[in-house]
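I opened the file and looked up a few things about the fold. My notes follow.

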Amino acid sequence: VGEALVIIQPYHTYIVQEGDTLKSISLSQQIDIMELLRNNPSISDRNLYIGEELVISYAEKKSGTIET
């Protein structure tokens, strides 16, 4: 009760293909590997799965205000 939640919408995503690595995805999507990991914290300690959706970037437009 009383907790504020901020929901951010993915803007650009990528579906993992067979043979993809963090490096190959970062190069093809022109994103730094560290940014890719920040956008997808659950992939930092495991392998990628074929068909998995990764967030490349988030929408920058803010659509509301935050009140606490």
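I first needed a rule for helices: a helix here is a DSSP run of H or I with at least four residues, numbered from the N terminus. I also noted that the model is predicted.

Entry on the salt bridges. I found two of them in the structure. One joins Glu-35 to Arg-38, with the closest N and O atoms 2.9 Å apart. Both residues lie in helix α2, three residues apart, which is about one turn of the helix. Glu-35 is partly exposed at 31% relative accessible area, and Arg-38 is exposed at 54%.

I then looked up the bridge between Glu-52 and Arg-46, where the closest N and O atoms are 2.3 Å apart. Is Glu-52 buried or exposed? Glu-52 has 14% relative accessibility, so it counts as buried. Arg-46 counts as partly exposed at 28%.

Entry on the core. The largest nonpolar core has nine residues, among them Ile-31, Leu-36, Leu-37 and Ile-56. I checked which elements give two or more residues to this core, and they are α2 and β2 (53-58). Ile-56 is in contact with Tyr-14, Ile-25, Ile-31, Leu-36 and Asn-39, among others beyond four places in sequence.

Entry on Asn-39. I placed this residue in helix α2, which covers residues 33-39. Its relative accessibility is 8%, so Asn-39 counts as buried. Beyond four places in sequence, Asn-39 touches Ile-31, Val-55, Ile-56, Ser-57 and Tyr-58.

Entry on Gln-30. I found Gln-30 in the loop between α1 (22-29) and α2. Its phi is near 55°, a positive value in a residue other than glycine. Gln-30 counts as exposed at 76% relative accessibility.

Note on methods:
Residues are numbered from 1 along each chain as its sequence is written. This is a predicted model: local features need pLDDT of at least 70, side-chain atom pairs count only at pLDDT 80 or more; totals for chains, interfaces and linings use all residues. Side-chain values use heavy atoms; hydrogens and water are left out. Buried means under 20% relative accessible area, exposed over 50%, partly exposed in between (1.4 Å probe, protein chains only). Contact means heavy atoms within 4.5 Å. A nonpolar core is a set of buried Ala, Val, Leu, Ile, Met, Phe, Trp, Tyr and Cys residues joined through side-chain atoms within 4.5 Å. A salt bridge is a side-chain nitrogen of Lys or Arg within 4 Å of a carboxyl oxygen of Asp or Glu.
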